[in-house]
Amino acid sequence: MYLTTARHPHDYEALLKKYKKAPNPSNQNFHNKLINILRKTYPLGAFSTRSMEKNFFIMQSKTDYYYYPGYINTPILKRLGIIAGGLQYYQERTPTVIFVDTLNVTLLDLARKLKKRFAVKVIGIVTDNPINITGASKHYSQDVFKKSTVCDAFIGLTTGLLRLFNPSQKPAIIVPGFIDSIDKYTGEKEKYAFFAGALYPKYGVDNLIKTFREFAVPFKLVIAGHGPLTEDLLNNPHPNIEFLGQICPPVAFRLAQRAYVNINPRPIDEQIDLYSVPSKVIDYVNSGTITISTENKEIRNLVGDNVYWIKDAEPKTIAEALRAIDKNYNYWKQRATEAKNDLIKALDNKSLINKIQNLINKI
């Protein structure tokens, strides 16, 4: 049983059409990939809270292997409805292991009740430091750490996250990301640079936009996502920039496959790197397209220098990288192929399942 805020891919795509701002795509992407990998080996159901709903009465529903509980959409009644729905879901299926998104305190409360009532084992999925989440309160962060003690084991993105969530050194494994087994793109590359993600200055997206507005670069920019810089992109169009708005992960991956180059402009911050891995860089490398990125230690350990690492996220640095790649495109295209092969070896799904099974055996 997988307790999550993510939705079935079809439901998430429908949500994007309904609302301009939707739940974090990185979170959606990570949990859906893990759910899909687990389902290939185990009988697994996903129990989702459906955040972002506006209606007062939310009816229970199902999509394939996803179950969405019904509730009355006020803070207290929503929490009670989700917990009651989770207890009923458990009793109908009696799973032996529960996976829970540790960043959602209601789901942690549900996991605690299930564990107390049915003596089921709980594995926490740790994808971020709650202190780093935009708009998060100190009380929320403290609540997350306190309630995560219900977990018997952890799956974390980085060593730093496991140190934060697992001071008791319960069984744990590091999973920096996942790769999809998607058909290789064999068509002609289109001459654009691609970025998809949260449109925030703190992630270097303002510098990325500035690069294509103010510097002579060999490609145009195709950019997708949501965030504070959306208004700037809409109100100040530029011939070198095509803005797509927010798109679902499969569409973003196809665009990354067709691109001449993919870019991750997030400024280097050792504190952030301790607790996160830019999943978009893993997707970019897996697409087989040349990737420009500021350095991330976890990913560099996987693919070495086969990514075009840049020393900072300044517009001049990004522009120089684009020109260098354009000048030696075939060389970097081969390096991109090597990066993808290294990634596949490191994040093979069979190896991951073996790690997870060993973790389950320990608890």
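User: What is the bridge partner of Ala-196 in strand 12?

Analyst: In this predicted model, Ala-196 has Ala-224 of strand 12 as its bridge partner.

User: What makes strand 11 and strand 12 a pair, and in which sense do they run?

Analyst: The bridge count does. Pairing needs at least two bridges. Strand 11 (residues 190-198) and strand 12 share 7 bridges, in the parallel sense. They therefore pair by that rule.

User: What share of the residues counts as buried, and what share of the contacts links residues 24 or more positions apart?

Analyst: Buried residues make up 54% of the 363. Among contacts with a separation of 6 or more, 67% join residues 24 or more positions apart.

User: Why does Tyr-308 count as buried?

Analyst: Its relative accessible area is 17%. The cut-off for buried is under 20%, so Tyr-308 qualifies. Tyr-308 lies in strand 16 (residues 308-310). Beyond its sequence neighbours up to four places away, Tyr-308 touches Thr-291, Ile-292, Ser-293, Ala-321, Ala-324, Ile-325 and Trp-332.

User: Why is Phe-145 called partly exposed?

Analyst: Phe-145 has 23% relative accessibility. Buried means under 20% and exposed means over 50%, so Phe-145 is partly exposed. Phe-145 sits in helix 5 (residues 138-147).

User: Which residues does Phe-145 touch, not counting those up to four places away in sequence?

Analyst: Phe-145 touches Asn-129, Pro-130, Ile-131, Leu-164 and Phe-165. Contact here means heavy atoms within 4.5 Å.

User: What makes the phi of Asp-64 worth a remark, given that Asp-64 is not a glycine?

Analyst: Most residues other than glycine have a negative phi. The phi of Asp-64 is positive, at about 55 degrees. Asp-64 is in the loop between strand 4 (61-63) and strand 5 (66-68).

User: Where does Gln-169 lie, and what is its phi?

Analyst: Gln-169 lies in the loop between helix 6 (159-165) and strand 10 (172-174). Its phi is near 55 degrees, a positive value in a residue other than glycine.

User: How do you know that Asp-64 and Gln-169 count as exposed?

Analyst: Exposed means over 50% relative accessible area. Asp-64 has 62% relative accessibility, so Asp-64 counts as exposed. Gln-169 has 70%, so Gln-169 counts as exposed too.

User: Which residues of helix 9 are buried, and what do they pack against?

Analyst: In helix 9 (residues 249-258), Ala-252, Phe-253, Leu-255, Ala-256 and Gln-257 are buried. These buried residues pack against strand 11, strand 14 (259-264) and helix 11 (279-286).

Conventions:
Residues numbered from 1 in each chain as written. Predicted model: local features only at pLDDT ≥ 70, side-chain atom pairs only at ≥ 80, totals over all residues. Heavy atoms only, no water. Buried < 20%, exposed > 50% of the residue type's maximum accessible area, 1.4 Å probe, protein only. Helix = DSSP H or I, 4+ residues; strand = E, 2+ residues; numbered from the N terminus.
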